[in-house]
Structures are given as C-alpha cells and as structure tokens.
Amino acid sequence: KIGDIGTISRVSIPLEQVPEHVQNAILAAEDRDFYSHTGFSVPGIFRAVVNNAAGGETQGASTITQQYVKNAFLSHDQTLARKAEELVLAVKTETSTSKEQILEGYLNTIYFGRGAYGIEAAADVYFDKSASELKLAEGAALAAIIQSPGNFEPRLNREGLQARWTYVLDGMEDEGWIGEKR
C-alpha cells in the first residue's frame with residue numbers, strides 16, 4: 001500500500017441552517033461588500049493587479065460570487081481566459097440568482113481542508129458538530145481557513161490561523177456585526 005489520499009466529504013444545507021454570525025464571519029474573511037457589488041469588485045481587481053505587478057504575493061481579487069461560479073462551473077486553471085469567463089459568469093449569476101442563493105451555493109461548495117467541502121462538512125471535521133451549532137469563534141476559525149486551507153491547518157500552523165482568525169473578527173467588528181466584546 002502506497003498511501004491514502006483521504007476522503008472527501010460534502011453535505012449541502014440550506015442557508016437558514018447556517019447561523020448569521022457564521023455567515024458574517026465568512027463575509028468578513030472573503031467579501032465584505034458581497035451585498036453591495038454586482039459580482040465583482042473593481043477596487044479588488046485594481047488592488048490585485050497593482051500588487052501582482054509590483055511583485056507582491058499573488059492575489060486573486062475574487063468575490064464570493066466569482067469563487068462560487070469557479071467552483072460550481074469552471075476549472076481551477078490560473079489563466080486570463082478562465083478569469084475572464086469567471087467574471088462574465090459572476091455578473092450573469094448576480095442578475096439571475098439572489099444573493100442568498102449565491103451565498104448558500106458558496107457555503108456548500110467551498111473547500112475547508114481535511115477533505116471537507118462546504119460548511120456542514122467543515123463543522124463536522126473540525127468541531128464534530130453541525131454548522132447550525134457553530135459558535136462565533138468556531139465560525140471565525142472556519143472562515144479564516146478558507147483563504148488557504150493547507151496553510152491555516154490548525155495542527156500545523158496555529159499562529160498563522162490565529163492571525164487570520166483575528167483578522168476575521170476585526171472585520172466583523174469593523175462592519176458592526178459584533179461588538180468589541182468577543
């Protein structure tokens with residue numbers, strides 16, 4: 001036996017089963033302007049282009065809608081053609097699908113590491129509970145992991161995860177989704 005590649009877990013749930021504080025943690029981590037943009041973020045694209053051109057860490061500038069259409073309909077190729085297709089599909093999706101449906105689809109398809117696709121599977125593999133039972137700190141931890149599941153694996157990089165977790169909670173506070181007392 002050479003080895004195992006692991007198991008994949010995905011369980012889809014309706015958005016109503018995801019606590020609002022978990023939804024807000026995801027938005028704080030991934031797309032704070034989700035409810036106000038039309039599928040893409042001009043400032044995000046500009047920031048990524050400038051940063052990438054300056055030789056900084058590669059940034060994708062993808063909104064939740066863009067990430068959702070990529071995961072649901074496109075390959076993960078890192079080409080300009082795929083990125084352009086993602087942008088067009090994101091705008092089309094925003095005109096034909098409610099924000100709640102997009103967020104639900106995103107939460108059910110995004111990868112959280114440990115073979116877990118979707119918030120329900122992630123809640124199970126990380127906390128041995130249903131997404132509906134997640135506390136604020138747990139939801140913020142899962143939101144923090146999304147950006148780089150391999151890099152923010154709690155068993156391997158607790159300090160990195162802690163920094164990203166703090167970023168998520170600070171974002172929630174900045175948006176008025178939580179108070180200063182955590």
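Visitor: How do α7 and α8 cross?
Guide: The axes of α7 (residues 136-146) and α8 (residues 158-174) come within 8 Å and cross at roughly 115 degrees. The two are therefore roughly perpendicular (65 to 115 degrees). Axes are lines fitted to C-alpha atoms, for helices over the stretch in contact, and angles run from 0 to 180 degrees between N-to-C directions. Helices are DSSP runs (H or I, at least four residues), numbered from the N terminus.

Visitor: Which residues make the contact?
Guide: From α7, L136, A137, A140, A141, A143, A144 and I145; from α8, L161, R164, W165, V168, L169 and M172. Contact means heavy atoms within 4.5 Å.

Visitor: What should I know about the model?
Guide: It is predicted: local features need pLDDT of at least 70, side-chain atom pairs count only at pLDDT 80 or more, and totals for chains, interfaces and linings use all residues. Residues are numbered from 1 along each chain as its sequence is written, and side-chain values use heavy atoms, leaving out hydrogens and water.

Visitor: Where is H37 found?
Guide: In the loop between α1 (20-30) and α2 (42-53).

Visitor: What is H37 in contact with?
Guide: Leaving aside neighbours within four places in sequence, H37 contacts D31, T63, T65, E94 and K99.

Conventions:
Parallel < 35°, antiparallel > 145°, perpendicular 65-115°, else oblique.
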